[in-house]
Amino acid sequence: MAALRRRKPTPSPATAPPARPKSQPLTSYLLQPIHAPGLAAFRFVFAAAMAYDAFAMHARSEMDDFFCTPHRLTFAYRWTPFITPLHCEAMLRLPHVIGGAAILFGTGLLPVVGLLAFAVAYTFLFLAEATRYVNHFYLYSMLGWLLLGAALSSPSRLGFGCRRYQLYALRLQISFVYFFGGLVKLQREFLVELEPLRSYVRAAAAHFGADESARPWSLALAEPSLRLAAVGACAFDLLAPLALWSRTLRWPAFGVALAFHGLNHFVLFRTIGSFPLVSLATCALFLDAAPAAAAAARPSRASLLPLYVTAAHLGLQALVPLRHHWHSADVSWTRLGNEFGWRMMGDTTDGFLQIELGGL
């Protein structure tokens, strides 16, 4: 009778990544080579988005406006005062370098060279002018460096492989963006006063041609709908990291992310560029990955150094968004510590709303 009992099927590594054995050191587990198709998919979409953004920067003469206008002042970040813009002709060529680098690593022709060129060029452009600060510019720079680390250890030009800790680092980077973006929404201005969400909805209604008397959001439904949207946006940002890491909730989270980022791109934030697409593509990073080789019993010191550097980076990413507590109790008023904190939808500025309305 015992021989006739059915044995439960053992899940394959492609569908259920094995847990770390109790006897296996944590460093060996994190340094284990893995096969991650989701990483390759994300890298391709990210490269396409960066190539498009580079073309858009050139088409709208953004470099000329910021770096070639006579007598225009430039502002450096306080902690990188030595990084200043190059001469006008070099800055005008920078989008070409970024776009070309994106094509190189996206197609797999020269992934390491392309990612190195992209990370250096994009980070330099980001730091060259402090007034250009946007959260997703900062994120793209961080993703470029993390993808470079993964490409250095990948045996495939298309980026299917990396070390386990490198995939986890990319996941944590995205999780920080979601978590701190949700944390900033836990305030009276967003959940009770419904700002800046109310202003963005009004801007969207004006863009679609709705006047005050014939607006899609009627007075009877506007307030409850906005309140539900505010609570939903806050809950999504706070819960998305947990859901994406969970194998049970991962696919429902993908569906919610599709609706969330689609609404942002097509309705509320038409000038936000590639950020919703890149954010949606990051869901692929949370797909299961299978071990590509056995973990070494004792990692070498040379292999431990990149792991420690990545851990230090993630530690800073967890602490820097909290630094505004050392400056002021109300960062929305003082603006001290507002940057590098993923404070999306944290406050409303007239200038930004004018950009959303197409006035600037």
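**View 1. Cysteine 68 is buried in this predicted model.** Its relative accessible area is 17%; buried means under 20%, exposed over 50%, and partly exposed in between, with a 1.4 Å probe and protein chains only. Cysteine 88, at 27% relative accessibility, counts as partly exposed. A disulfide joins cysteine 68 to cysteine 88, with 2.0 Å from S to S; the term stands for a pair of cysteine sulfur atoms within 2.5 Å. Cysteine 68 sits in the loop between helix H3 (62–67) and helix H4 (88–107), and cysteine 88 belongs to helix H4, so the pair, 20 residues apart, links distant parts of the chain. Helices (H or I, at least four residues) and strands (E, at least two) are DSSP runs, numbered from the N terminus. The torsion about the S-S bond is about 105°, so the disulfide is right-handed. One disulfide is found in a search of the whole structure. Two further cysteines are buried: cysteine 162 at 2% relative accessibility and cysteine 234 at 4%.

Residues are numbered from 1 along each chain as its sequence is written, and side-chain values use heavy atoms, with hydrogens and water left out. Because this is a predicted model, local features need pLDDT of at least 70 and side-chain atom pairs count only at pLDDT 80 or more, while totals for chains, interfaces and linings use all residues.

**View 2. The largest nonpolar core has 81 residues.** Such a core is a set of buried Ala, Val, Leu, Ile, Met, Phe, Trp, Tyr and Cys residues joined through side-chain atoms within 4.5 Å. Phe46 and Met50 have the most contacts inside the core. Helix H6 (residues 135–152) gives the largest share of this core, eleven residues.

**View 3. Phenylalanine 46 is shown with its contacts.** Contact means heavy atoms within 4.5 Å. With neighbours within four places in sequence left aside, phenylalanine 46 touches Phe105, Phe118, Tyr140, Leu143, Leu147 and Val278.

**View 4. Three strands form an open sheet in the order E2-E1-E3.** The pairing is antiparallel; two strands pair if DSSP finds at least two bridges between them. Strands of a sheet pair through backbone hydrogen bonds, either parallel or antiparallel. Strand E2 (161–163) and strand E3 (290–291) are the edge strands, and each pairs on one side only. Strand E1 (residues 33–35) is joined to E3 by two bridges. Histidine 35 has alanine 290 in E3 as its bridge partner.

**View 5. Helix H13 covers residues 301–319.** The expected span of a helix is 1.5 Å times one less than its number of residues. For the 19 residues of H13 this should be 27 Å, and the end C-alpha atoms are 27 Å apart, which agrees. The buried residues of H13 include Leu304, Leu307, Thr310, His313, Leu314 and Gln317. Among the elements that cover the buried residues of H13 are helix H1 (26–30), H6 and helix H7 (164–183).

**View 6. Leucine 244 lies in helix H10 (residues 219–245).** Leucine 244 is buried, with a relative accessible area of 3%. Phenylalanine 286 is 42 residues apart from leucine 244 in sequence, and the two are 6.2 Å apart in space, C-alpha to C-alpha. Leaving aside neighbours within four places in sequence, leucine 244 is in contact with Tyr178, Arg250, Ala253, Phe254, Cys283 and Phe286.

**View 7. The loop between helix H8 (188–191) and helix H9 (197–207) holds proline 196.** A cis peptide bond joins glutamate 195 and proline 196, with omega of about 10°. Leucine 194 is found in the loop between H8 and H9. Leucine 194 has a positive phi of about 60° although it is not a glycine, and it is buried at a relative accessible area of 0%.

**View 8. Phenylalanine 340 lies in the loop between helix H15 (331–334) and H16.** Phi of phenylalanine 340 is near 60°, a positive value in a residue other than glycine. Phenylalanine 340 is buried, with a relative accessible area of 6%.

**View 9. Helix H16 (residues 350–356) has the lowest mean pLDDT among the elements of the protein, 41.** pLDDT is the predictor's confidence in each residue, from 0 to 100. The highest mean, 96, belongs to helix H5 (residues 111–128). Over residues 216–221 the pLDDT is below 50, and this stretch has four contacts in the model beyond near neighbours in sequence. Over residues 350–360 pLDDT stays under 50, and the model has 16 contacts for them beyond four places in sequence. The protein averages a pLDDT of 83, and 83% of the residues score at least 70.
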